[in-house]
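Please look at the sequence and the structure first.

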Amino acid sequence: MDSLLKQLNDLLYLYAENITDEVKAAETEVAKKAVRKLKAASPKRTGKYARNWRQKTVYENAFGKKTVIYVKEPDYRLTHLLEKGHKSRNGGMVKARKHIAPVEQWVQEEFEKRVREAVQNDS
């Protein structure tokens, strides 16, 4: 009985390890594609804002990792203003340029799809 439990435990550990590795790989790929999409979709007055999109892995452990996508200094202040719109100097409103929300939606759908594929392919 102990032998069977040990074998079952080993199989479950391998399964979890494989799934974790595939999820980490999916996260990296989706984040890289998201940065490319954001660079392409961002408003380009001078092009500096669009070029400053980056991705960074904040931490990684045995269970997963956390990747952040951001705009580096000093242009990080523009993300909210461009995405939501803002008041102009002369009292009017500057129209919002939705470029983050569509990519965010794509990231959520694509990552979920890849995690489902990883679980289905490994089972």
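The dialogue below goes through strands, rings, surface and charges in turn.

Q: What kind of model is this, and how are residues numbered?
A: This is a predicted model, in which local features need pLDDT of at least 70 and side-chain atom pairs count only at pLDDT 80 or more, while totals for chains, interfaces and linings use all residues. Residues are numbered from 1 along each chain as its sequence is written, and side-chain values use heavy atoms, with hydrogens and water left out.

Q: How many bridges join strand E1 to strand E2?
A: Helices (H or I, at least four residues) and strands (E, at least two) are DSSP runs, numbered from the N terminus. Two strands pair if DSSP finds at least two bridges between them. Here 8 bridges join E1 (residues 53-61) to E2 (residues 64-71), and the strands run antiparallel. They form a hairpin with 2 residues between them. Tyrosine 59 is opposite lysine 66 in E2.

Q: Which residues make the nonpolar surface patch?
A: A patch is made of residues with over 30% relative accessible area and no salt bridge; nonpolar side chains (Val, Leu, Ile, Met, Phe, Trp, Tyr) are joined within 5 Å, and like charges within 9 Å. Areas come from the Shrake-Rupley method with a 1.4 Å probe, and for residues only the protein chains shown count as cover. Val58, Tyr59, Val68 and Tyr70 make a nonpolar patch of about 330 Å². E1 and E2 each supply at least two of its residues.

Q: How many aromatic pairs are found in the whole structure?
A: Rings of Phe, Tyr and Trp (its six-membered ring) pair if their centres lie within 6.5 Å; planes under 30 degrees apart count as stacked, over 60 as edge-to-face and the rest as tilted. The search finds 1 pair. The ring centres of tyrosine 49 and tryptophan 53 are 5.9 Å apart and the planes are at 70°, so this pair is edge-to-face.

Q: Is tyrosine 49 buried or exposed?
A: Buried means under 20% relative accessible area, exposed over 50%, and partly exposed in between (1.4 Å probe, protein chains only). Tyrosine 49 has 6% relative accessibility, so it counts as buried. Tryptophan 53, at 4%, is also buried.

Q: How many salt bridges are there?
A: A salt bridge is a side-chain nitrogen of Lys or Arg within 4 Å of a carboxyl oxygen of Asp or Glu. The count is 6. One of them joins aspartate 10 and lysine 6 at 3.2 Å, N to O. Another joins arginine 114 and glutamate 110 at 3.0 Å, N to O. Salt bridges that share partners link Glu29, Glu110, Lys113 and Arg114 into one network.
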